[in-house]
Amino acid sequence: MNSRNIAWATGLVALIALPFVYREPYHLHLLVLILIWSFAYTSWSIMGRFGLVSLGHGGFMGVGAYVTALLWNHLGVSPWIGIPVSMVAAGALALIVAYPCFRFRITGHYFVLVTLALSGIVLQVITATRDWTGGSLGYTPNRAPSGKGFWALQFDDKTTWYLIALGIWVVGLIIWRAIDRSMARYAMEAISEDEDAAAAAGVNVTAEKLKITLISALMTALAGAIYCQYQMFISPDTVSGIAVSLQMVFAVIVGGLYVSLGPTVGAIITILLAETLRIGFGTKAVGWDNLVYGVLLVLFIIFLPKGILGSIAERLKFKKA
Amino acid sequence: MQHFLDIFDIYLLEAVINGILLGGVLALLALGLNLIFGVIDVTWICYAELVMIGMYGMYYMVQVFGMPYWAAAPFAILLVAALGAALHYFVIAPLLTAPPINQLLATGGVLFILQSFATVAFGIDFRNLGIRLPVLALGEMHFSYSRLLSFVAALVGMIVVYLFMTRTFTGTAIRAIAQDRQIMPLMGVDTRRIYLITSALGGALAGLAACLLVLQYDVHPFVGLSFGPITFLICVLGGLGNFIGGFIAAFVFAEIISLGGLFSDLEWGYVLAFAFFIVMMFIRPAGLMARRS
């Protein structure tokens with residue numbers, strides 16, 4: 001075991017031990033939110049770092065959240081089954097949209113616009129089927145009868161949620177690392193540089209891109225479902241649509257697109273920022289957090305495109321060299 | 001049964017004509033976006049939000065300051081044109097050499113800024129001009145004058161842009177840059193100036209669309225989301241930067257939305273349009289007007 005692994009393990013043990021030592025519910029709530037969104041942002045960055053900028057992830061997240069909740073409320077299907085089903089649904093949606101995109105070389109601007117439209121359309125579908133989904137007013141999964149909380153994946157105590165969120169966050173990081181060290185990474189980097197050259201070198205461009213997109217969409221749907229189960233309330237604005245997609249992009253860019261903990265740093269910054277503004281301004285804060293997001297996003301892209309963590313990592317590398 | 005069919009056909013015809021009228025405004029929106037993309041090679045994700053700001057401009061000038069509609073419209077167009085130029089000057093210009101995705105994401109940041117600015121400054125209430133234009137009854141069909149006016153104004157706007165692009169030096173320079181970005185500076189064209197003019201022109205088109213849309217729809221900070229995605233679909237279907245393709249695609253989409261709305265909710269019209277779009281991507285991935293290679 002080298003020192004790097006020891007540092008990771010110590011950090012992880014400290015994070016697992018945290019809720020047993022420190023029980024302030026509001027801070028634990030913030031931590032759970034940060035972990036869930038970190039996972040969602042990590043799933044976006046898995047695609048985003050290879051130049052596959054998707055603004056459709058709000059759509060995948062919405063599918064994950066709504067399919068799980070709808071199955072539970074209308075058919076009584078446990079989220080333990082509902083979440084995999086919702087992930088399959090999001091994956092199918094991703095394949096249906098992504099296959100023609102990749103097969104027919106829809107890249108760059110085109111790809112962004114198509115995915116942007118996708119998240120807009122998921123939003124419209126949720127709004128249009130308001131008889132089932134509650135439309136823009138939002139939707140609440142039915143409370144499980146007492147004693148059935150585990151079956152319904154509904155827990156009252158924050159420690160359980162904290163551990164679940166921590167678990168998926170770690171899984172997200174492991175997937176990120178696995179891709180970072182796989183052949184898929186080299187294939188994807190070659191593709192993002194030059195598709196023709198990559199194809200000539202024997203990379204199956206369409207298949208590689210689809211693989212990455214599918215992993216990313218499945219993870220995002222899981223994030224949406226977990227978020228829904230934790231918050232017990234979802235609305236098209238909070239889990240779906242263009243605003244959510246842009247929020248993902250923003251957090252990842254601010255944190256750092258090319259480092260594994262970048263999305264996490266982004267989630268910490270965005271959620272703390274939103275909470276500070278909410279507490280500082282109260283109801284007057286409506287809109288202000290997004291205003292600050294927007295200004296920061298523009299400034300970051302112009303002046304610090306590698307993000308906070310990415311820039312720090314680069315500095316450190318320079319010093320070593 | 002015969003009677004039922006008669007009524008049905010009337011409604012169908014009405015929906016078809018309303019679709020054409022809607023298509024005019026959509027075509028105008030698509031033209032602005034295509035212009036920016038074709039010349040500067042940038043996609044303004046926040047394009048629909050510029051329209052939203054223009055609609056608020058119209059609302060304040062007409063409802064709060066009591067200006068007549070026709071006098072307020074030029075100011076709204078100028079306002080959004082200035083906004084477009086500012087967007088280029090402050091956000092796009094510093095990023096011209098950056099990867100294209102960064103430019104696009106920066107305009108996504110501007111989308112956030114404009115939306116939340118509107119929320120903070122104007123509140124989230126729905127507002128309208130309070131102008132009720134009469135409804136034209138043709139036999140058993142009904143068309144609102146606001147749609148007719150929008151259609152005509154959109155067509156006039158597009159013709160003016162066409163004339164500007166073909167008959168003036170600046171317009172010719174804009175088209176030339178769209179064809180070859182590298183060589184035009186050598187021919188004595190100041191690209192920075194042309195980009196700024198193009199951005200202002202794209203903004204002006206958004207402003208014109210705002211003046212027309214505000215007649216038909218209430219304005220609120222998130223109104224851009226209701227026609228932004230469809231504009232992007234139109235541009236992609238027509239081929240980004242392809243003016244004629246965008247024009248045709250706008251009418252195709254407008255018909256789908258209008259006819260879809262006839263049979264079900266308007267939202268389902270949008271969903272149908274998206275399904276159609278996915279199918280079309282399999283058939284003509286590079287846009288409607290793309291030449292087969």
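The expected span of a helix is 1.5 Å times one less than its number of residues, and helices here are DSSP runs of H or I with at least four residues, numbered from the N terminus, while strands are runs of E with at least two. Helix α1(A), with 19 residues, reaches 26 Å from its first C-alpha to its last, close to the 27 Å expected at 1.5 Å a residue. The model is a predicted one, so to speak of a local feature takes a pLDDT of at least 70, side-chain atom pairs count only at pLDDT 80 or more, and totals for chains, interfaces and linings use all residues. Residues are numbered from 1 along each chain as its sequence is written, and chains are lettered from A and ligands numbered from 1 in the order in which they are written.

α1(A) is hardly covered, with 1 buried residue among its 19. A residue counts as buried if 20 or more other C-beta atoms, placed from the backbone, lie within 10 Å of its own, as exposed if 12 or fewer do, and as partly exposed in between. Still, α1 (residues 3-21) packs against α7 (residues 158-180) of chain A at an angle of about 160 degrees, with the two axes 8 Å apart. Axes are lines fitted to C-alpha atoms, for helices over the stretch in contact, and angles run from 0 to 180 degrees between N-to-C directions. On the α1(A) side the contact uses A:L12, A:L15, A:I16 and A:P19, and on the α7(A) side A:T159, A:Y162, A:L166 and A:V170. Contact means that the C-beta atoms of two residues, placed from the backbone, lie within 7 Å. By class, these residues are 7 nonpolar, 1 polar and no charged. Nonpolar covers Ala, Val, Leu, Ile, Met, Phe, Trp, Tyr, Cys and Pro, charged covers Asp, Glu, Lys and Arg, and the others, Gly among them, are polar.

Another pair in chain A is α2 (residues 25-48) and α10, whose axes come within 8 Å and cross at roughly 165 degrees. That makes α2(A) roughly antiparallel to α10(A), and this crossing is left-handed. Among the residues in the contact are A:I36, A:F39 and A:A40 of α2(A) and A:M219, A:A223 and A:Y227 of α10(A). The tally is 14 nonpolar, 4 polar and no charged.

A:A223 sits in helix α10 of chain A and counts as buried, with 30 C-beta neighbours inside 10 Å. Beyond its neighbours within four places in sequence, A:A223 touches A:I36, A:F39, A:A40, A:S43, A:M61 and A:G64.

Then there are two loop residues. Most residues other than glycine have a negative phi. A:M232, though, has a phi near 60 degrees; this residue lies in the loop between α10 (205-231) and α11 (236-239) of chain A. B:D41 has a positive phi of about 65 degrees and lies between α1 (2-40) and α2 (47-64) of chain B.

As for the two chains, 38 residues of chain A are in contact with 40 residues of chain B. The largest share of chain A's side, 14 residues, comes from α5(A). That side has 29 nonpolar, 9 polar and no charged residues.

Key
Parallel < 35°, antiparallel > 145°, perpendicular 65-115°, else oblique. Left-handed = near helix turned anticlockwise from the far one by under 90°.
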